[in-house]
Amino acid sequence: MSPLTLYTHPMSRGRIARWMLEEVGQPYDVRLLAYGPDMKSADYRAINPMGKVPALRHGDLVVTECAGIIAYLADTFHDAGLHPQTDAERAAYYRWMFFAAGPLETAVSNRALGFVVPEEKQRMVGYGSYDLVLDTLEQALSATTYIAGERFTGADVYLGAHLMWGMQFGSIEKRPAFEAYVARIESRPAHKRATDLDDALAANFASAAQS
């Protein structure tokens, strides 16, 4: 059995971790978990007490949170070349990985939930405002090919997935810099493989639910 095991659901953030695993190119097993009792079971909570996916087991080690899984895989499997390799790349890699995990995801989630931070309270939240987050990201993506420079890294998997889903479902505005960036990365073979695998699993889940 492969020492890498992904715990996931095909319609979840597990798709991000799957994409990164395909980029890394190492063999891995998949454990599918349905929403509800399956994901909240005692067995799975022993792996992730949050009862959420994805989670990654590597031998006796467990990593949760998509950004954490991506950073771990990039650091562990250096031959894939998805980790930062220069000081400039390292600075941008961590800056924008955590920007996506913090300000971007929070701002987008709050907006989707109809929560708007009053202007006088914006200093209390890490992202300030939805517009400020998107303006900041647009400026960064207008200046470089990939988010950490001129080379694709794990940070592009994480940020790219947020932008793809956000623009698809309308929670992130379609801006030219975002669309150009997504076009550069969504055609990657690893992304296509991961998408095809999860789409097929999602169809199976849908069929099972209807039967």
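This is a short talk about strand 1 and Asp198 in a predicted model.

Okay, some housekeeping. Residues are numbered from 1 along each chain as its sequence is written, and side-chain values use heavy atoms, with hydrogens and water left out. Because the model is predicted, local features need pLDDT of at least 70 and side-chain atom pairs count only at pLDDT 80 or more, while totals for chains, interfaces and linings use all residues.

Let's start with strand 1, residues 4-8. Five of the five residues here are buried, so strand 1 is largely enclosed by the rest of the structure. Buried means under 20% relative accessible area with a 1.4 Å probe, protein chains only.

In a regular strand, side chains alternate between the two faces of the sheet. Here, Leu4, Leu6 and Thr8 cover one side, and Thr5 and Tyr7 the other.

So who are the partners? Strands pair if DSSP finds at least two bridges between them. Strand 3, residues 55-58, pairs antiparallel with strand 1 over four bridges, and Thr5 sits opposite Arg57 there. Strand 2, residues 29-32, runs parallel to strand 1, also with four bridges, and Tyr7 faces Arg31.

Now, Asp198. You'll find Asp198 in helix 8, residues 189-210, and at 1% relative accessibility Asp198 counts as buried. The Asp198 side chain makes a polar contact with the side chain of Arg18, at 3.3 Å. That term means N or O atoms within 3.5 Å, one able to donate a hydrogen and the other to accept it; residues adjacent in sequence count only if both atoms are side-chain atoms.

Conventions. Helix = DSSP H or I, 4+ residues; strand = E, 2+ residues; numbered from the N terminus. Buried < 20%, exposed > 50% of the residue type's maximum accessible area, 1.4 Å probe, protein only.
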